[in-house]
Structure formats: structure tokens, C-alpha cells
Amino acid sequence: MSWPLINKLVSIDGSDRRQTRHHPLLCSISAMAAASVSTPRSATSEAMERTSQWVFSQDLPSDIVVQIGKVTFQLHKFMLVAKSGLIRRKVMESERVDLGRVDLSEVPGGADVFEKAAKFCYGLNFEISVNNVVALRCAAEYLQMTEEYCRGNLVQRTEEFIGQAALKTLPSAVALLRSCDAPDLLASAEHAGIVGRSVDVISLKACNEANFPTRSPSDWWAGELSSLSPTSFQKILARMKSRGAAPKSLATAIVAYVEKSLPDLLPLSAGALSSTPCGDSRTRQRGLLESLVSILPPDRDAPLPVGFICCLLRAAIFLGASAACRRELEGRASVFLDQATVADLLTVTLDYSGDRVVDIDSARRIVAGFAEREASAGGGMLYGAGFNGVSCSPAVQKVARTVDSFLAEIATDDELSVSKFASIAGALPKSARRFDDDLYRAVDIYLKAHSELDEIEREKVCSVMDPLKLSYEARLHASQNKRLPLQIVLHALYYDQLQLRSGEEAGAAVAGIREPSLKVDVSLIRENEALRSELAKMKMYVSDMQRGGGGGGQGMSGVKVAGSKKSFFSSVSRTLGKFNPFKQAGSKDTSNIDDGEPVTKPRRRRFSLS
């Protein structure tokens, strides 16, 4: 378009310019600006105040009004059409010869950004920074301020700044990408290629810093990434992975990002929350947490510390996150459960104060998930291998010890039901434990803390352990433990009797060896299993005697019949001895041992709180 045509479109008044100072339109603008001093400033008056200095200095009446939402700008056509292809086209295509109003409410960045673009059209200086260059670049694209209409136009100027300044350092590149996340700029920034270039530069510089740090601390780059939105952060992780970043580097970035995003809900050390989020804050944190969990890379790409995952899971439970979010975290925790500690499982189970059990099901699912993964992997656990012949991996044995210690920690909670206690202990198969000493300790603590349980409930609690897999010290303690059901005590006593006789037979070959930890022949164990039915009958017999104490004049206290010449255990031993195929004439007879004789307890380990 030629300048004569522009002059025709804008209809410049040929009168003396000194007279334009008294132009009615300018007088009305000045009056509106003066009125804004005494009344609350509106968006319109603010825009007029911002533009009054550089618009009125032209000494020309404004001939076009640009509408940006609720804000209007009184400008000059010839200054805008010289650099904006969009405004030029609107003026030329208008049915009116003298177009007086243009609606540009869809310009990216809104009124503030359009003001800078208008200043550029007027040749005025303004500051371009990493915080506004994206908005300026998108607005210039929308207004068609390209080289086609003016050399060195706004699109070219903003591109030079992005390439020569904004993408030169990691912090400035992160700030550039962060400014792209504005809802009204994201689509335009994607179209202009700013997002893609920013992601490439940031991922490259982050990988270089992870491998060859240039400042201290060495993970400073991860802190820079933590200011990004979850979507942008996911793009950076994916690009770093494609560049061959180490899994440890990805995990470092994720931990730093989550800790900065949810600082109050992810204390890595125990402690109560400083303040409880509520309302909108809780909803925002829940949405942010679910977004973070959804963008986590696979475990093989970025193996996160299991303690960190447990902290995330506790936050998800506290915020009431979706079931999918919690299941994802539980699955990740189960993968690395062999690296977990008792404190990690307590993190999931207890509240932030550490005083109350709030979620036991998550811990059960974590343990069960680990057991299923080990079983499906093949070779992790061999089921049915037989007592003292269990074959399981060191990882499974470590998890079993961790779970048993965890149960001992939560056993004293008043709200811990029998079924939930048994579900945690039974999540691992019994073949996962070579000895049940730690599990017996947890059972004993639970029975002592829940003394109101009846016989059936106590039997259910004790069903999670195998009395025949207790060490000598534990069996000795169990034989005197009045909290245990009678059947468990009988199992422990009878096994000791079998071990004693087996030890005497082995003494003919190795003199002086009486340690009952010798391996028992498989056939002996099978026969012991066959005697379980006899023990059950004996238990019914004892129960009948307890109920009939008033009629027969006999009563029972614990496991001893008051007033009886022969102790109950003596009769059981004599009865069961008939089924023992290893009994010889020279075997030691224990039937006459008095129940009241004190038993010296080895001072090796404490298995009970009593």
C-alpha cells in the first residue's frame, strides 16, 4: 500500500496543527483522564493514562479505537497499518470508508502486550525480557507484524532476543518456557515453535550439568527445573531420556521437583504438619499431586527412592487422592520393597503425627504386590520346600524381617483389628521365613495389647506363624506364655520332646551334643503333622474338663489341673509318646516332670513385653 493511500484512509486534517490541541475528541480524552483522578481507576482510564503521553505527543487527533476486552486505545491508523498486516487488512476490507473501531480482544497477552506492540508501531522504546518476550512474539504473530510489511518488524526483533539472549543460559531458558504456560499463550507459543526450542535447550543444558556440573551444589539444575509446570516438566524428562540421561539424573530431577511443589506434605523426616490445608488449598494440592504421579516415568527409567515414594503415598492418602493415583504409588513401592525400612512402611501407615494408624490396607497391598512379583519371577520363592528346607532369595528374607518388625511396631494400636493384623502377616507366604521368631514377637505384643480377645481370635492371630519354626529360645518362651492358645503351646512342647529324643539318638554318634537345632528327619515332621488331629482331640478334652470343673470338683488354672496327681502336660506327653516311632527303651521319660518346676530361660533375646 502506498503512502498516498494511507493518507487517504486516515483522513489527516490539513488545518493548522496548533488547532488540533482544541480538537473536541482530544478534549474529551483529557477530561476522561482528569476524571479518573477522583474516581476509582477503571481499565479504560488506566489504558488512556498509559498511552496519553505518547499518543497526544503526535499533535494529531486519534482516528481509530482499538478494543481489547474492556480496555480501549485511542490511536492513529497510519501508525498501525504501517507495521500490522492484520489491522491493515481490517481497514482495507471494512465497508466503511473511515473505520473508527477495531476489536482485537483475541490478541495473545491482552491489553498490556498490545500496548507494547502499539509502542513499537509508534517507534517508542520499551523493555523486552524473558518474561514478556513470549507474549510479544505471539502478539506480533497474531497482528502479522512480519518482514512483509516492515523491515525489522516485531516478529524479527523478538526472535533475535529469544535466540541471542533467552536461550543462552539454563535459568533464562526455564523462565522462557515457564512463560509459555499461560493459558492464552500456550497454543500460540506451540505454533511459533518457542516451546519446542525451549525444551531442546533446557534438556541439553540439564544433561550437561548432570554429567559435568559447573557450579555448586552439583544438582542445582534440578532446582531450576522445579519451577516448571507438570506438563512442561514431563516434556523435559522425556527429552532428557531421549538424550541418554542417566536414570539417577532423572530421579534427582523428580525428587527436587516434587519436594518444591509440595513442601508441606513431603517432609522426609518424621513430624506433624505445620498447618493443615483445607478448602481450595487442599483441592489444588490434590490436583497437583495427581498430576505429578501421572507424569512419573517408568521405574526402569528413573528408579525413585522407596522412602520418597512412601512419602508421596502418605500425601496421597492424606489428601484423598484418586484410587488410581494411590495404586500407582503402591505398585512403585512394592517394586523396591526389599530396599524399604520399617520407617518407610510406618510412613504409609501412620498419620503425620505418627501417633495413629490411618491406613493399613496400603501397606498390605504393597507387601502382597512384592510377593506376587517374586512368585511370578520364578526362583524367588519355592513353595512347599519343607521345613528347614526353604529356598528363598535374600530380598524375600529381608522383606519378611522388615514386615515382622513393622507388625511389632503397630501391634499396640487399639484400632488394629485381628483381621488386618493377620492380613499383613499373611501377605507373605510362610516359606518366606526360615524362622518365625520375629513374627512370634509381634504376635505376643499384639496379644498383650489386646487382652480382651477370646480363644478363637487368639488362635486366628497365632495362625500366621508356625510354632515348629521357632528357635529353641522362642519355643521355651512360648511354652510358658499364658497368652498363647493351648494348641500353640502343645505344638511347641511336643516339638521340644521330639527334638530331645532326636538329640539323644544323635548323641551316640556325637557325644555331648544336645542342641535341639539339629535338622529333623522329614519323616518325623510328616508324622508330627499326622498328630495334629490327636492334639485337637486333646484340646477338646481339656475344654470339657474346664467346663465341668464344678461337677467333678476339679478346676484348671492356665494349663495345669488343680489337685491332680499327674500334670496335664505329663498326660499329654505320655499319650503322644505312644505315637512316636523313635521311642526306645533307653529314652528319657519326661512324663513325671513336675509342672511347677522352674525352667531356666536363656538370656539371649527378649521375645515379649512381659
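In what order do the strands of the open sheet stand?

Reply: The order is S2-S1-S3: 3 strands form this open sheet, and their pairing is mixed. Strands S2 (71-75) and S3 (101-103) stand at the edges with a single partner strand each, so one side of each has no neighbour in the sheet. On average, neighbouring strands of this sheet are turned by 20 degrees against each other, direction ignored. Two strands pair if DSSP finds at least two bridges between them; strands (E, at least two residues) and helices (H or I, at least four) are DSSP runs numbered from the N terminus.

The model is predicted: local features need pLDDT of at least 70 and side-chain atom pairs pLDDT 80 or more, while totals for chains, interfaces and linings use all residues. Residues are numbered from 1 along each chain as its sequence is written, and side-chain values use heavy atoms, leaving out hydrogens and water.

Within the sheet, strand S1 (residues 64-68) pairs with S3 in the parallel sense over 3 bridges. Val65 has Arg101, in S3, as its bridge partner. Helix H6 (residues 110-121) lies across S1 and S2, and runs at about 10 degrees to S2. Axes are lines fitted to C-alpha atoms, for helices over the stretch in contact, and angles between N-to-C directions run from 0 to 180 degrees.

The surroundings can now be considered. The protein chain has 29 helices and 5 strands. Of its 610 residues, 47% are buried (under 20% relative accessible area; exposed is over 50%, partly exposed in between, with a 1.4 Å probe and protein chains only). Among contacts in the protein chain with a separation of 6 or more, 70% involve residues 24 or more positions apart; contact means heavy atoms within 4.5 Å.

H13 contributes Pro230, Phe233, Leu237, Met240 and Lys241 to the contact, and H14 contributes Leu250, Ala253, Ile254 and Tyr257. By class, the contact of H13 with H14 holds 8 nonpolar, no polar and 1 charged residues (Ala, Val, Leu, Ile, Met, Phe, Trp, Tyr, Cys and Pro are nonpolar; Asp, Glu, Lys and Arg charged; the others, Gly among them, polar). Ser242 also belongs to H13, and at 52% relative accessibility Ser242 counts as exposed. Between Ser242 and Ser203 lie 39 residues of sequence separation but 9.5 Å in space, C-alpha to C-alpha.

Ser198, in helix H11 (residues 194-211), is buried, with a relative accessible area of 0%. Its side chain reaches the backbone oxygen of Ile194 at 2.8 Å. Beyond neighbours within four places in sequence, Ser198 is in contact with Leu167, Ala173, Leu176 and Leu177.

Tyr446, in helix H22 (residues 437-449), counts as buried at 1% relative accessibility. Its side chain reaches the backbone oxygen of Ser417 at 3.4 Å. Residues up to four places away in sequence aside, Tyr446 touches Ala411, Leu416, Ser417, Val418, Phe421, Leu453 and Val461. Tyr446 and Ile410 are 36 residues apart in sequence and 8.5 Å apart in space, C-alpha to C-alpha.

Definitions and conventions. Polar contact = N/O pair within 3.5 Å; in protein donor to acceptor, adjacent residues only side chain to side chain.
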